[in-house]
Amino acid sequence: MLDVRRLRLLRELAHRGTIAAVAEALAFTPSAVSQQLTALEKEAGVVLLERTGRRVQLTPAALRLVGHAEAVLARLERAEAELAGARRGPAGPLRIGTFPSAARVVIPPALAALAAAHPELEPMVAEVDPAGVADLLRSGELDIALVHDYDFVPAEPDPGIARRPLFAEAMHLAAPAPGRAALADYRDHPWIVATHGTLCHAMAVRACQAAGYTPRIRHRADDFDTVLALVAAGQGVAMVPDLALLAPPPGVHLHRLPMSRRTSIAFRQGAGEHPATAAFTLAVTSALPNDLRCSRNS
């Protein structure tokens with residue numbers, strides 16, 4: 001019989017690439033991970049890892065086994081959700097990931113609604129970039145998360161992760177002076193973008209490249225309030241979504257762009273019917289501003 005905990009380690013190795021990364025994510029030592037994977041090979045009766053120096057590569061048999069592991073782990077999530085539903089209601093810790101603009105606008109009223117409806121639930125919020133959410137969900141560091149994607153950076157399927165669409169926002173070009181709304185008109189302007197490796201950074205670069213140029217980046221900032229303050233100070237132009245524009249500073253001129261950002265709730269496959277997942281989804285939906293609530297099906 002294959003050990004489910006060892007299957008999980010193999011699944012994590014398939015996603016993270018190195019034994020060291022698996023060990024760090026799951027609070028093991030690398031030697032412990034190696035020992036467990038060696039034991040899994042004995043259980044399976046086939047070679048799962050090809051070792052070259054310090055690196056390992058999954059064999060075709062291991063990759064097929066990872067597919068089965070995803071199905072087994074999703075089934076266990078559904079079983080846990082069913083058992084949780086048989087209890088009196090959502091209770092205990094709920095680890096929530098979110099990106100900064102949603103943390104500022106959507107999460108506080110959602111947590112207030114959640115506390116009123118389910119006082120035994122203990123939500124714990126952490127700001128994370130959506131690019132890293134899948135790994136955090138699979139490792140159990142998060143239970144649920146708000147994630148987003150853009151027209152130029154669409155969401156890619158993540159094995160073991162499910163999404164439910166929430167709402168869509170328009171994107172705007174923020175500039176320190178009046179001008180045209182076309183990105184092509186800002187070829188010679190300095191740009192303010194998010195830090196490298198984030199979805200927001202990739203969106204800005206790809207959108208400008210689609211307009212025929214690579215942006216000349218002057219500043220990098222992940223907080224939209226900081227971005228808009230830099231725009232107001234004449235430091236460059238930027239692209240920002242609706243959630244960032246509740247109180248833009250004076251001197252910022254906004255031009256709506258023909259592109260959008262979409263927000264979803266992400267969770268592990270099989271956990272969609274868990275009472276805590278359902279409670280959080282309902283609380284977030286009820287907390288949406290009216291204009292975003294109207295765009296849920298956009």
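Me: Which residues does Leu183 touch, not counting those up to four places away in sequence?
Reply: Taking contact to mean heavy atoms within 4.5 Å, Leu183 touches Leu173, Trp191, Ala207, Cys208, Ala211, Tyr213, Met239 and Leu257. This is a predicted model, in which local features need pLDDT of at least 70 and side-chain atom pairs count only at pLDDT 80 or more, while totals for chains, interfaces and linings use all residues. Residues are numbered from 1 along each chain as its sequence is written, and side-chain values use heavy atoms, with hydrogens and water left out.

Me: What makes a set of residues a nonpolar core, and which members touch the most others in the largest one?
Reply: The members must be buried Ala, Val, Leu, Ile, Met, Phe, Trp, Tyr or Cys residues joined through side-chain atoms within 4.5 Å, where buried means under 20% relative accessible area with a 1.4 Å probe and protein chains only. The largest such core has 34 residues, and Leu183, Trp191, Met239 and Val240 touch the most other members. Among the elements that each supply at least two of its residues are strand 6 (161-175), helix 8 (199-210) and strand 10 (253-268); helix 8 gives the largest share, seven residues. A second, separate core of 26 residues includes Leu94, Leu114, Leu121 and Ala279.

Me: Why do strand 4 and strand 9 count as edges of the sheet?
Reply: Strands are DSSP runs of E with at least two residues, and helices are runs of H or I with at least four, numbered from the N terminus; two strands pair if DSSP finds at least two bridges between them. Six strands form an open sheet in the order 4-3-5-10-6-9, with mixed pairing. Strand 4 (121-127) and strand 9 each have a single partner strand, so one side of each is left without a neighbour in the sheet.

Me: Why is helix 1 called oblique to helix 2?
Reply: Helix 1 (residues 4-16) and helix 2 (residues 19-26) pack at about 120°, with axes 9 Å apart; axes are lines fitted to C-alpha atoms over the stretch in contact, and angles run from 0 to 180 degrees between N-to-C directions. Angles under 35 degrees count as roughly parallel, over 145 as roughly antiparallel, 65 to 115 as roughly perpendicular and the rest as oblique, so helix 1 is oblique to helix 2. Residues making this contact include Leu9 and Leu13 of helix 1 and Val22 and Leu26 of helix 2.

Definitions and conventions
Buried < 20%, exposed > 50% of the residue type's maximum accessible area, 1.4 Å probe, protein only.
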